[in-house]
Amino acid sequence: AVGEGRIGVGRDLRELLGVRPVVALLGCFFLFRFGLQMADAFVALFVDALGPLDWVAARAADRAHAVDRTTALIFVIHALAQVLLTVLWGRFGDRFGPLRGLAVIALGLGAATIGAGFATTINGFVGWRIAAAAFAAGGTTLSYAALGKRLPPQGRSLAVACLQSCMQFGMFAGPLTGGLVSEWTGLSGMLVVAGSAIVTAGMVMWGVRRWEAGR
């Protein structure tokens, strides 16, 4: 029975990966999470390089404390964006389609990530990070919706498992690759690479949607 179950899972997986749009989207979801985690992992180093926010520094015990507080503030903003904007992105996906919404998110997030790489002041960097947080808020929700819409109900559980695996791999590979890339390009160049990966994902998503519309 166990062997039959393995054979069944293998067959279902082959069928799933035989659907070209699904394979393309899984690759996009990986790139999206890869670039996002690459950027997130080095926020503290950017804050340390650019210096803390002035109003945070004025209330901190020393520079290191101010850097920690500024870094924490950036991630608090990211969390608040998830709480406040995820529903709005969900409504956007319901109205215009989850894949179109996800493509918009990826293009906006990628552009904001690249912009952060060119920031020369902490205020500019925080501003770009706020923009990135606003776009990233709907990424996970619309990823599941976009994939589920393209599969029959009986194939969705396996597809969700594959999606989760792609995201987890991106979360692992992003920071690791970011460390290697930053040694060659510096922190700013690393953000440009991260943002470019996300933009590439958005462009492929848009291409998949147009290809499906033209069939």
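Colleague: Hi! What should I know before I start?
Modeller: This is a predicted model, where local features need pLDDT of at least 70 and side-chain atom pairs count only at pLDDT 80 or more, while totals for chains, interfaces and linings use all residues. Residues are numbered from 1 along each chain as its sequence is written, and side-chain values use heavy atoms, leaving out hydrogens and water.

Colleague: Thanks! How many helices and strands does the chain have?
Modeller: The chain has nine helices and zero strands. Both are DSSP runs numbered from the N terminus, with helices (H or I) of at least four residues and strands (E) of at least two.

Colleague: And how do helix 5 and helix 7 pack?
Modeller: Helix 5 (residues 63-96) and helix 7 (residues 122-136) pack at about 30 degrees, and their axes are 7 Å apart. Axes are lines fitted to C-alpha atoms, for helices over the stretch in contact, and angles run from 0 to 180 degrees between N-to-C directions.

Colleague: Which residues of helix 5 and helix 7 make the contact?
Modeller: Contact means heavy atoms within 4.5 Å. Helix 5 brings residues including Ile74, Leu85 and Trp89, and among those from helix 7 are Phe125, Arg129 and Ile130.

Colleague: Nice. How many salt bridges are there?
Modeller: The count comes to two, a salt bridge being a side-chain nitrogen of Lys or Arg within 4 Å of a carboxyl oxygen of Asp or Glu. In one of them arginine 129 pairs with aspartate 40, with the closest N and O atoms 2.6 Å apart. Arginine 129 sits in helix 7 and aspartate 40 in helix 2 (residues 20-40), 89 residues apart.

Colleague: Is that arginine 129 buried or exposed?
Modeller: Arginine 129 counts as buried because its relative accessibility is 11%. Buried means under 20% relative accessible area, exposed over 50%, and partly exposed in between (1.4 Å probe, protein chains only). Aspartate 40 is buried as well, at 12%.

Colleague: What about the salt bridge of arginine 63?
Modeller: Arginine 63 pairs with aspartate 48, and their closest N and O atoms are 2.9 Å apart. Arginine 63 is in helix 5 and aspartate 48 in helix 3 (residues 43-50), 15 residues apart. Arginine 63 is partly exposed at 43%, and aspartate 48 is partly exposed at 39%.

Colleague: Last one: how much of the chain is buried?
Modeller: Buried residues make up 44% of the 215 residues.
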